Amino acid sequence: MQKKRIAIKVGSNVLTRDDGKLDISRIAHLVDQISHLKANGHEVVLISSGAVAAGRDVLEKNGKTDIVVYKQMCSAIGQVKLMNRYYDFFGDRGIQCAQVLTTKENFSDRQHYLNMKNSMSAMLDHGLLPIVNENDTIAVTELMFTDNDELAGLIATMLDCDILLLLSNIDGIYDGHPEEADSKLIPIISSPEEDLQRFISDKTSAFGRGGMFTKCSIAQKTADHGIQVFIANGKRNNIILDLIHEASVPSTAFIANGKKAKSIKKWLSHSNGFAKGKVIINQGAREALFAREAKSLLCVGVVGIEGFFLNGDLIQIWDQQDQLLGLGKSNYDSEELHEIKGSRQKKALIHYDYLHLEKQY
């Protein structure tokens with residue numbers, strides 16, 4: 001079997017028991033499966049939730065403690081506890097693991113992004129197993145990941161993984177609520193344009209509507225970067241090995257579409273939340289951007305500017321129908337752009353190499 005680079009995201013609902021405590025036997029079983037992959041030459045990066053749950057096991061909340069502060073303390077305690085488990089279990093199998101704590105803000109700057117990519121790539125080259133989690137202890141609420149599915153998609157894309165497994169406590173995407181008898185599992189999603197929102201029930205599930213919607217969005221975006229994605233139940237025995245070995249198990253597979261993009265384009269595709277401002281362009285500029293031949297965004301097509309940004313900041317691109325078209329790295333600050341918008345004589349506002357366009361349906 002061809003050696004692959006595999007990202008595996010494990011949700012906290014996989015790693016914990018019904019009473020909220022860590023499920024040690026489940027962790028050990030996941031470690032066994034990952035160790036088997038490593039023994040067969042695959043490179044693996046593990047994105048693991050569970051730190052907050054592990055901390056709650058030993059730290060009780062009193063009435064005076066702010067909920068955010070309590071979560072941060074649980075994360076600080078639980079991360080140590082969780083990593084100790086991983087370190088011991090993987091160590092017993094001859095695998096050295098390495099902790100990587102990150103925040104969403106680390107992905108907002110291109111240099112930080114490259115530093116993280118280079119560091120984790122070196123770990124994989126040296127046979128280490130990176131174990132990644134959001135640094136909840138210091139993360140600012142407004143800049144936190146939606147959940148670790150979003151982080152997993154970023155990591156898989158950044159490291160040019162071949163496969164991403166998103167493991168929670170559900171088998172995949174259903175055409176109705178999973179608990180309804182007539183709901184059926186959707187085994188394959190082959191088109192990135194498919195609208196899956198109609199399948200996501202408004203009823204609450206084990207992880208909520210927001211969780212499943214995020215999973216779908218991340219899976220589609222990641223598959224569009226040429227990475228095969230599976231949503232599956234991490235509580236099923238041998239689920240990781242069954243998926244990698246293409247066994248017939250309940251899951252939803254998102255088929256990889258297209259070629260893997262350049263590093264700068266991949267970074268831009270996940271950076272919409274870091275834009276400092278936006279420009280509004282006319283119909284002519286819109287048509288030029290989406291023409292078959294690649295084009296940069298010129299100042300002549302700009303009809304509106306919002307926000308304050310500097311040369312080099314990321315800015316969003318909108319059309320006059322209030323539709324988000326993409327984003328890119330600005331070659332001007334907002335003050336200068338106000339003076340030269342509509343000009344045909346100036347260099348491009350956003351060069352094509354630093355431009356990401358959203359798919360238009």
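Mentor: We start with the polar contact: a pair of N or O atoms within 3.5 Å; within protein, one must be able to donate a hydrogen and the other to accept it, and residues adjacent in sequence count only if both atoms are side-chain atoms. In this structure, the side chain of Asp-313 reaches the backbone nitrogen of Leu-310 at 2.8 Å. Before going on, note that this is a predicted model, in which local features need pLDDT of at least 70, side-chain atom pairs count only at pLDDT 80 or more, and totals for chains, interfaces and linings use all residues. Residues are numbered from 1 along each chain as its sequence is written, and side-chain values use heavy atoms, with hydrogens and water left out.

Trainee: Where is Asp-313 placed?

Mentor: Helices (H or I, at least four residues) and strands (E, at least two) are DSSP runs, numbered from the N terminus. Asp-313 sits in the loop between β10 (302-306) and β11 (314-319).

Trainee: Which residues does Asp-313 touch, not counting residues up to four places away in sequence?

Mentor: Contact means heavy atoms within 4.5 Å. On that basis Asp-313 touches Lys-276, Gly-328, Lys-329 and Ser-330.

Trainee: How do I read burial? Is Lys-266 buried or exposed?

Mentor: Buried means under 20% relative accessible area, exposed over 50%, and partly exposed in between (1.4 Å probe, protein chains only). Lys-266 has a relative accessible area of 3%, so this residue is buried. Lys-266 belongs to helix α9 (residues 263-269). A polar atom of the Lys-266 side chain lies 3.1 Å from the backbone oxygen of Thr-157.

Trainee: Thr-157 is in α6. How many residues of α6 are buried?

Mentor: Helix α6 (residues 148-158) is mostly covered, with 11 of its 11 residues buried. Among them are Asp-149, Glu-150 and Thr-157.

Trainee: What does the side chain of Glu-150 make a polar contact with?

Mentor: The partner is the side chain of Lys-104, at 3.1 Å. Lys-104 is in the loop between β3 (97-102) and α5 (110-125). Its relative accessibility is 17%, so Lys-104 counts as buried.

Trainee: How is a pair of helices described, for example α2 and α4?

Mentor: Axes are lines fitted to C-alpha atoms, for helices over the stretch in contact, and angles run from 0 to 180 degrees between N-to-C directions. The axes of α2 (residues 24-39) and α4 (residues 67-92) come within 10 Å and cross at roughly 45°. Angles under 35 degrees count as roughly parallel, over 145 as roughly antiparallel, 65 to 115 as roughly perpendicular and the rest as oblique. The pair α2 and α4 is therefore oblique.

Trainee: Which residues make the contact?

Mentor: From α2 they are Ile-24, Ile-27, Ala-28, Val-31, Ile-34 and Ser-35, and from α4 Leu-82, Arg-85, Tyr-86, Phe-89 and Phe-90. An α-helix has 3.6 residues a turn, so residues three or four places apart point the same way.

Trainee: Take Ile-34. Is this residue buried or exposed?

Mentor: Ile-34 is buried, with a relative accessible area of 1%. Leaving aside neighbours within four places in sequence, Ile-34 is in contact with Ile-8, Val-44, Leu-46, Phe-90, Leu-129 and Ile-240.
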